[in-house]
Each structure stands twice: as C-alpha cells, then as structure tokens.
Amino acid sequence: MALPDALPAPRVPDPMTAPSLRWGILGTGWIADKFTQALQAHTRQKVVAVGSRSQSGADRFAQRFDLPAAVGSYDDLVQRDDVDVIYVATPHNHHHEDALRAIGAGKHVLVEKPIALNAAQARDIAAAAARADVMAMEALWTMFLPKFDIVRQLLANGVLGRIHTVFADHGQHFEGDHRILRRDLAGGPTLDLLTYPVAFANWVLGAPREVLARTTWTPNGEVTGQTSVLLMQDDGAQAMLHSSVLSRTPTAAAICGEDAMIAFDPDFYVPAGFTVSDNAGASLRHDEPEVAHTGGLHYQAAQLAWCIAAGERSCTIRPLEESIQTMVILDEARRQIGEIYPEEQ
Ligand SMILES: NC(=O)c1ccc[n+]([C@@H]2O[C@H](COP(=O)([O-])OP(=O)(O)OC[C@H]3O[C@@H](n4cnc5c(N)ncnc54)[C@H](OP(=O)(O)O)[C@@H]3O)[C@@H](O)[C@H]2O)c1
C-alpha cells in the first residue's frame, strides 16, 4: 500500500474538556509530583487531597500544590467522601495493596505502571474492581498520547502492510539508593522501564506464542541490570525488546511492516516525533516538542474521566486485559531469568 498524502490527525479531544473528577493522590514521590503538575496545568481535574505514610510528607506535597487536604494515612485518604478517584503512585510491590485499598473504599483507581507485581495480582485488581463496580486502569500514559492515536490509525488502515518486526528499548542510568536498585521495592528494569517496550509490542502484535528472556544482574546482585526479551508471534512476527538500569540507551522504537516502517524519535514513550517511510523512500513526518512527563501525563487522566462519565468500567485505550497480558509476558520473562521478588518466595 502507498503512503497516504498526509498523516491522520489525532482524535484525542482536548483534555481541558474532560469532566472534572476529584482526585486523591496516594504517595508523594517523583511521579506523583509530575502527575499533579500535569493535571493542574492542562486539565480541569481537581486534586483535592493527598495521602502519605507521614503527615509531614502529605503536608509538604499539599503546600507545594495548594491542595485543600493532606492526610498522614493511605486509609484515611481513600475513605474521604470528597474524593472520586485515587491515583496510586507507590512502588511496584505496593500497587496491589493500594489499588485494593481504594477499590475497597468504593473509589475508582488509576494505578501507576505496572499495574501490579505479577499477573495474579493484576487479575485480582480487575476482579475486585468489577465486584465493586468501579473503574480500575493502569497509568500507562504513553498509550494515551496523541501521537499514538496517529499510529493507531496507521495500523488500523494497514499502511505498514503485514508487520514483521517490532523493536523497542528503554534504558536509563541509576545509582545510589534509588528504588529501582532496591530488591525490597521490586527494583530492576523488568517491572519499571521494560513495561513500556513490552506493553508497546503487545499492543502492536497481540499476545506472543513464545517469550525468550536473558538478563545481566547488577554488580552487587541486588537486582537485574539489563534484560533482553524476544517475543515470537504465531504469524512469524518478532519483537526485540531491551531495558537497562545500568546505562542510558537510545530508548528508540520501530514498527516494521512489509510496505512501510514507523521509526520513533527517542524517547519513544513520551511526546516526540516519528517518521513513516515506505520501501521506495517516500516518507511522512510527525513533529511535536519532546515535553516528557508534565506535558503528557494528563491525557490518561482526562480519558479516565470520560470513561467514568460514560459508565465504562474498562478503558479501550488501555484495557485491563492488556495490562494483565503485559504482566503475563513479564512473569514468563522473570521465570526464565530467575527474578523472584521477596513477596513471591
Ligand atoms: N509513568 C511514568 O512515566 C513513571 C515514571 C516514574 C515512576 N513511575 C511509577 O510510579 C511508581 C512510583 O515511582 P516513583 O519514581 O515516583 O517512586 P518514588 O519517588 O520513590 O515515590 C514512591 C512513593 O511511594 C510511597 N511509598 C509507599 N511505600 C513505600 C516504601 N516502602 N518505600 C518507598 N516509598 C513508599 C512514598 O510516598 P509517601 O512517603 O508519601 O507515603 C514515596 O514517595 C512506580 O511504580 C513507577 O513504576 C511511572
């Protein structure tokens, strides 16, 4: 198929027009800060309360963002009547407990990626949300970015032809006592940076027939350092995925089809450009500023608000089944590389 004359326009509505929900922020770390900034700058969502393990932590966060309420307990946060939806921004191995805490209090919940430690926990969250008739969604913000809606349309229109290969990589350098280097906080790239390449490949290709994984541990053996994953699909397509906490890596991605290829500018998982090119050398270019987290975390929140207003209980852009499927792949990769977290022993 020839390339279209122009790229389709993204169909993502202006996040400012999403119905306003009252948000409670659970946890006051790095991503909670960026998420709250994005909400306050780009939406009409109301951040009405923050919960921390300590009153002083909650007070600091509330002061920084001028929030009306600060509570020194996650339980007190989820019980508040003035909160509609809880944003869980704790380390990976706390997502299950904190999501269930919110659901148990009858609140909708947006859970940071990955949705849980493993597929069993992810299924548990989905079942609890269904029983409580609330919305649970993984905060895989990448899938909600306007540029991915352009890609979604290119894939649906068959512009690439039969897809043979997906490449995706995400590496960053960490040192010191960052949670990603701590075994007790489920550190290593697998549940963190690798979530993006795996979710991306699974979105493009569907569930794989086979998963092959290899890792190199960090020098002190505390967590895995870099991991490569090969996904084999029933139709012969392959995904080559890599993630590291040892070095910065290109953090690039590509979808390669029989007729055309999409090459994403790094970092592929944030707002940034991409090029579609065909075998004859014709190309189309999408450009947008690479604005990273505070310029993109709000799209998922606006979408959640629209879904809730429409009475939906799973979001078509990041359905719970895809969050669970991502965990199934990561579970199998971890089984092969011998990466077992303390709470699974
Ligand atoms: N979407 C993205 O681009 C993105 C980027 C970074 C991180 N994340 C995800 O967001 C989650 C949090 O990451 P982060 O980088 O924000 O982590 P962080 O800076 O370490 O913050 C985590 C927060 O969780 C709370 N917490 C609860 N139990 C904890 C424990 N045992 N140890 C440490 N903190 C604990 C703390 O808040 P209180 O002290 O207030 O209770 C802490 O500030 C992770 O699951 C990560 O994958 C997503």
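Student: Which residues line the largest cavity?

Tutor: First, a caution: this is a predicted model, where local features need pLDDT of at least 70, side-chain atom pairs count only at pLDDT 80 or more, and totals for chains, interfaces and linings use all residues. Residues are numbered from 1 along each chain as its sequence is written, and side-chain values use heavy atoms, with hydrogens and water left out. On a 1 Å grid over the protein atoms alone, a cavity is a set of points where a 1.4 Å probe fits but cannot get out, and lining residues have an atom within 4 Å of a point. Here the lining is R183, A186, G187, W217, E222, V223, T224, E339, I340 and Y341. By class, that makes five nonpolar, two polar and three charged.

Student: How much space lies in the largest cavity?

Tutor: A volume is the space filled by probe spheres set on the grid points, which are joined across faces, edges and corners. For the largest cavity that gives about 50 Å³.

Student: Which polar side-chain atom lies 2.4 Å from an oxygen atom of the ligand?

Tutor: A polar contact is a pair of N or O atoms within 3.5 Å. Y74 supplies the polar side-chain atom at 2.4 Å from a ligand oxygen, while W141 has a polar side-chain atom 3.1 Å from an oxygen atom of the ligand. I31 uses a backbone N or O atom, 2.9 Å from a ligand oxygen.

Note on methods. A polar contact is a pair of N or O atoms within 3.5 Å; within protein, one must be able to donate a hydrogen and the other to accept it, and residues adjacent in sequence count only if both atoms are side-chain atoms. On a 1 Å grid over the protein atoms alone, a cavity is a set of points where a 1.4 Å probe fits but cannot get out, and a pocket is an open set with protein on both sides within 12 Å along at least five of seven lines; lining residues have an atom within 4 Å of a point. Ala, Val, Leu, Ile, Met, Phe, Trp, Tyr, Cys and Pro count as nonpolar, Asp, Glu, Lys and Arg as charged, and the others, Gly among them, as polar.
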